[in-house]
Amino acid sequence: MIETHELTKRYGGKTAVDGISFRVEPGEVLGFLGPNGAGKSTTMKMIAGFLAPSAGTARVCGHDVIAEPLAAKRAIGYLPEGAPSYGEMSAGGFLQFVADVRGLTGEVRRERIGAVVERLALGGVLLQPIDTLSKGFRRRVGLAAAILHDPPVLILDEPTDGLDPNQKHEVRGLIREMSRERTIVISTHILEEVDAVCTRAVIIAAGRLLADATPAELERRS
Ligand code: ADP
Ligand code: ADP
């Protein structure tokens, strides 16, 4: 579903991601585990087509993210890290906006918006500005936007970072639910997150991949 080959990003003289190659098979939930500054977000953005690589390639569902950006982006839902500010935009307004960006119209558009609002239990907050919602709700709005066009692949950048324990539990439950029908990559700096939701993990440090393992194998090594 995802295949990177020698994926590399340089910022000026600094190499943030250094020749990363890995594959993600259908149905996997891959943990992309590493300390802050390791290159996780940079890698997630390159796979999601939001940042051009300096070298190397990434393919999603067979589509090269640079050569076939539209087909690749159609296959991907992306949750950016943190909590971007949306100004005055309401949760419902944001979903309408994302539906516009995704080119959803007519019956499909109504059906998809209805489906994500129900799946992520957003019915009660649609009129509220996103910036006034709790962090847990804001993350749910982000997840709703990510799955709005029903992509087979999800890229989730630190999906539970900054949430309290209850909210973390809730979001992990949602991710497990989504993993029944989608292939998922999760970036995280927390081993516990890998245990909770991932079927396999790779470790990234200083821009390089160090290991490819199941959570149980990581436990034995640590
Ligand atoms: P992680 O997500 O693992 O915390 P990042 O991918 O955000 O790591 O960053 C990897 C490295 O690249 C870090 O050293 C970071 O400072 C650097 N970096 C990230 N974005 C930029 C940028 N836009 N310009 C310059 N350096 C950057
Ligand atoms: P781009 O405009 O960067 O080429 P797209 O055409 O895929 O990329 O549209 C993505 C834009 O739509 C993003 O820049 C963002 O504003 C918005 N968007 C789409 N999905 C999401 C999401 N899950 N979370 C936040 N913003 C999203």
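**Ligand 2 and its surroundings**

A polar side-chain atom of Lys73 is placed 3.0 Å from an oxygen atom of ligand 2. The model is a predicted one.

Polar contacts
- Tyr78 brings a backbone N or O atom to 2.9 Å from a nitrogen atom of ligand 2.
- A polar backbone atom of Ala146 lies 3.3 Å from a nitrogen atom of ligand 2.

Pocket and shell
- Ligand 2 takes up the space of the largest pocket.
- Two elements, α3 (91-101) and α5 (135-147), each give two or more residues to the shell around ligand 2.
- The largest contribution to this shell is that of α3, with 4 residues.
- Around ligand 2 there are 13 residues, and those that come nearest are Lys73, Tyr78, Val101, Ala145 and Ala146.
- By class, the shell around ligand 2 consists of 10 nonpolar residues, 1 polar residue and 2 charged residues.

Arg200
- Arg200 belongs to strand β9, which spans residues 200-205.
- Arg200 counts as buried because its relative accessibility is 14%, and the cut-off for buried is under 20%.
- The side chains of Arg200 and Glu28 make a polar contact at 2.8 Å.
- Between Arg200 and Gly49 the separation is 151 residues in sequence and 23 Å in space, C-alpha to C-alpha.

Notes
Residues numbered from 1 in each chain as written. Chains lettered and ligands numbered in written order. Predicted model: local features only at pLDDT ≥ 70, side-chain atom pairs only at ≥ 80, totals over all residues. Heavy atoms only, no water. Buried < 20%, exposed > 50% of the residue type's maximum accessible area, 1.4 Å probe, protein only. Polar contact = N/O pair within 3.5 Å; in protein donor to acceptor, adjacent residues only side chain to side chain. Near = heavy atom within 4 Å. 1 Å grid on protein atoms, 1.4 Å probe; cavity = no way out; pocket = protein on both sides within 12 Å on 5 of 7 lines; lining within 4 Å. Sits in = over half its atoms within 2 Å of the grid points. Nonpolar A, V, L, I, M, F, W, Y, C, P; charged D, E, K, R; others polar.
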